[in-house]
Amino acid sequence: MTGLGDARMTHHSVPHLLSWRDQMNSTGSQTDLAPGAFAVDSRGPGAAPRGFDTFRRGWQTQIGDVFPLPAFSPATIADFRLKGRVARVRDVVIADLHMASATRIADPAGGDRDLVEIHVLRRGAWTLGGLPERYEHTVSTGQFLLRHFGRQMPFETAPHTTAQFLFLPSATLRSLLGNRTVIGPADSAEMRLLTAHTNMIQKTATDLGPAGVHAAHSTLIELAKAVAVRRFDDVEPQLAPALVLAAKDLANRHLADRELSPAMLARELNVSVRTLQRAFATAGESVTTYIRHRRLEEARLALTSPSGRWSVSELAAHWHFVDSSHFIRAFKKHYGQTPTEYARSTGSAAR
């Protein structure tokens, strides 16, 4: 799953919670709780029998009543092998989970609830039953599902399912959804923005102050609305940080592509180039500068790579500089040395 590799999770045989924080702020109300977060890994040998109890304790302590855990089947509880991290920002819960074992709800009837849920499948399958327009729907790899649920739905997952789940309050989203089930690709422009923002929250949740909590929560709701209506509000300044994060993530995955440009990123994120440039400007840089600096950083790493030496001309061509002279000037301006000087100073030698 995107971002799971950044979580600081143990690999011991006993499941271990890594982050505990759940303090009241000055108001002390339920919706103004400081963010809560925990991570767990119960995939090691002998961990499964206690894995569910560890996960449940973390959920109850850090998430509380925002979204109670459903009643899982005895088979699920007995073989609960999972790696994941969960964060709460006010009344929104984000769960990034890799479920090594299968899971199933014990009581399909469930209880009443009033939540909007987003299921984003990176690998495997998540099957939900009891939707009005069809008895069963399976969210497959590379898909997302967004829907308002008024009661607990039966569900099960295949082994080795990796997914992100968002549980959101229905008040601001129910009117947009009605009885619709929104299904689409997990790499759609709106989902890219939402994913970038949720990944940021997962990394920083317990360090957010009251202002940060408010901004993170408000942006989550606005981005969920964008997924619901399949349109990003490009005049909403609050969403600029999420747009920058999504653009950087996309750029990082296409650094070696000759076609990488502000226009390509804007097209993939379904915004205008001007909107993208304006969002980057709030962070004090341009899109083009970010791409150039990232390419220079990759070239710098390649200069000292133990797997083999690159010539200056090879690096210039690979990272799409006009020619070797342009590459050398850009490198020296950024790092204070030419590529050859840098390689020599680190014990390598660029040809």
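I started at a hairpin: strand 2 and strand 3 form it with 2 residues between them, and R90 in the turn has a positive phi of about 55°. Strands here are DSSP runs of E with at least two residues, helices are runs of H or I with at least four, and both are numbered from the N terminus.

A note on what I am looking at: this is a predicted model, where local features need pLDDT of at least 70, side-chain atom pairs count only at pLDDT 80 or more, and totals for chains, interfaces and linings use all residues. Residues are numbered from 1 along each chain as its sequence is written, and side-chain values use heavy atoms, with hydrogens and water left out.

**Entry 1: strand 2 and its neighbours**

Strand 2 and strand 3 (residues 92-99) are antiparallel and share 8 bridges. Strand 1 (residues 36-41) also runs antiparallel to strand 2, with 6 bridges.

Buried means under 20% relative accessible area, exposed over 50%, and partly exposed in between, with a 1.4 Å probe and protein chains only. L82, G84, V86 and R88 point one way, K83, R85, A87 and V89 the other, and all are buried.

**Entry 2: aromatic rings**

My search of the whole structure gave 17 aromatic pairs. Rings of Phe, Tyr and Trp (its six-membered ring) pair if their centres lie within 6.5 Å; planes under 30 degrees apart are stacked, over 60 edge-to-face, and the rest tilted. F67 and F167 are a stacked pair, at 4.0 Å centre to centre with 15° between the planes. They sit 100 residues apart: F67 in the loop between helix 1 (48-62) and helix 2 (74-78), F167 in strand 10 (residues 161-169). F67 is buried at 6% relative accessible area, and F167 is buried at 8%. Both belong to a cluster linked by ring pairs, with F38 and W126 among the other members.

**Entry 3: cores and a helix**

Which residues have the most contacts inside the largest nonpolar core? They are L146, L168, L265, L276 and F327, in a core of 66 residues. A nonpolar core is a set of buried Ala, Val, Leu, Ile, Met, Phe, Trp, Tyr and Cys residues joined through side-chain atoms within 4.5 Å. Apart from it lies another core, of 29 residues, including V93 and L97.

I also checked helix 4 (residues 189-204): its 16 residues reach 23 Å from first C-alpha to last, close to the expected 22 Å. That expected span is 1.5 Å times one less than the number of residues. Of the 16 residues, 13 are buried, so helix 4 is largely enclosed by the rest of the structure.

R230, in the loop between helix 5 (210-229) and helix 6 (240-252), has a positive phi near 55° without being a glycine. N270 is not a glycine either, and has a positive phi of about 60°.

Mean pLDDT (the predictor's confidence in each residue, from 0 to 100) is 82 for the protein. Over residues 1-32, pLDDT stays under 50.

Key:
Pairing = 2+ DSSP bridges. Contact = heavy atoms within 4.5 Å.
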